[in-house]
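Here are some notes to read beside the model. Please keep the sequence and the 3D view open while going through the points.

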Amino acid sequence: MAHPADSSKRLAAEGLGTALLLAAIVGSGIMADRLAGGQPAVTLLANSLATGATLAVLILVFGPVSGAHLNPAVTVADAWQGGMSWRLVPGYLGAQFAGAIAGVILAHLMFGEPALQIGQQARSGAPLVLAEFVATFGLLAVIWGCVRQRAEAVPFAVGLYIVGAFWFTSSTSFANPAVTVARALTDTFTGLRPADVPAFVLAQFAGAVAATAVFRWLIPGLPASAADVVVPHASEGP
């Protein structure tokens with residue numbers, strides 16, 4: 001059984017890390033939109049670079065405490081493969097969703113925006129839903145593909161993948177259910193309508209399941225311990 005102190009630190013790391021990730025996503029979107037003078041390509045470039053760089057750093061910082069999942073799809077995939085106890089999953093997910101919402105509010109406050117907003121940007125239709133499946137499949141493929149041979153490269157590989165996926169997917173690669181829900185609470189460059197959230201989230205979990213199944217077949221020796229996903233962190237204890 002995990003020690004209470006260990007569990008609380010893990011949940012704090014997941015919540016704080018996810019909050020900072022969303023502050024980076026939404027905050028850089030606001031900054032880029034204001035500075036780019038109405039040029040969406042420049043805005044997206046700045047947003048993608050800031051997001052990918054911040055994500056890599058957050059994995060390095062919080063990985064030793066919680067594994068730095070920062071993503072419900074990663075947490076569920078890890079538990080499915082026996083890498084963490086299912087008992088910890090509700091806490092991880094709660095911390096991730098709460099942290100994501102807090103991060104959006106923090107970004108709004110830093111830029112003088114209303115703290116509470118509802119997204120208005122339409123992101124719907126089969127092509128975008130497929131893009132979210134592909135984006136999340138690719139993210140889990142990066143994690144599972146790197147974790148055996150180059151575990152130390154996972155933070156950088158994940159960050160670089162997200163930068164690329166911003167550009168090669170039509171949805172701009174949300175690839176994270178907590179990020180998706182939280183971004184429905186911003187009416188800025190990175191927002192989306194609440195009505196579009198369910199399809200995105202279903203596609204993301206489907207992509208995570210598909211990638212995990214494929215890589216379990218490709219690499220049967222995938223680690224059975226959460227100490228290897230996403231990066232090494234404290235054991236659950238006796």
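1. A residue is called buried when its relative accessible area is under 20%, exposed when it is over 50%, and partly exposed in between (1.4 Å probe, protein chains only). Thr-180 is buried because its relative accessible area is 0%. Thr-180 sits in helix 7, which covers residues 177-183. Helices are DSSP runs of H or I with at least four residues, strands are runs of E with at least two, and both are numbered from the N terminus.

2. Some notes on the source. The model is predicted, so local features need pLDDT of at least 70 and side-chain atom pairs count only at pLDDT 80 or more, while totals for chains, interfaces and linings use all residues. Residues are numbered from 1 along each chain as its sequence is written, and side-chain values use heavy atoms, with hydrogens and water left out.

3. Which residues are in contact with Thr-180, leaving aside its neighbours within four places in sequence? They are Phe-174, Leu-192, Val-197, Phe-200, Val-201 and Gln-204. Contact here means heavy atoms within 4.5 Å.

4. Thr-51 belongs to helix 2, a helix of residues 40-66. With 2% relative accessibility, Thr-51 counts as buried. Apart from neighbours within four places in sequence, Thr-51 is in contact with Leu-21, Ile-25, Ser-28, Ile-162 and Phe-166. Gly-15 lies 36 residues from Thr-51 along the chain, and their C-alpha atoms are separated by 17 Å.

5. Helix 2 also takes part in a surface feature. Val-57, Leu-60, Val-61 and Phe-156 form a nonpolar patch with about 360 Å² of accessible area together. Helix 2 gives the most to this patch, with three residues. Leu-60 is in helix 2 and counts as partly exposed because its relative accessibility is 42%. Patches are made of residues with over 30% relative accessible area and no salt bridge; nonpolar side chains (Val, Leu, Ile, Met, Phe, Trp, Tyr) are joined within 5 Å, and like charges within 9 Å. The areas come from the Shrake-Rupley method with a 1.4 Å probe, and for residues only the protein chains shown count as cover.

6. How many salt bridges does a search of the whole structure find? The search finds two. A salt bridge is a side-chain nitrogen of Lys or Arg within 4 Å of a carboxyl oxygen of Asp or Glu. Side chains of opposite charge can pair when their charged atoms come close.

7. Arg-34 is partly exposed at 48% relative accessible area, and Glu-113 is partly exposed at 25%.

8. Another salt bridge joins Asp-196 and Arg-193, with the closest N and O atoms 2.9 Å apart. Asp-196 counts as buried at 4% relative accessibility, whereas Arg-193 counts as partly exposed at 30%.

9. Two packed helices are described by the angle between their axes and the distance between the axes. Helix 5 (residues 126-147) and helix 8 (residues 197-218) pack at about 35 degrees, with axes 7 Å apart. Among the residues making the contact are Phe-133 and Trp-144 of helix 5, and Phe-200 and Phe-215 of helix 8. The axes are lines fitted to C-alpha atoms, for helices over the stretch in contact, and angles run from 0 to 180 degrees between N-to-C directions.

10. The loop between helix 2 and helix 3 (72-80) holds Ala-68, and Leu-70 lies in that loop too. Ala-68 has a positive phi of about 50 degrees although it is not a glycine. Leu-70, also a residue other than glycine, has a positive phi near 55 degrees.

11. Is helix 3 mostly covered or mostly uncovered? Helix 3 is mostly covered, with seven of its nine residues buried. The buried residues include Pro-72, Val-74 and Asp-78. Their cover includes helix 4, helix 5, helix 7 and helix 8.
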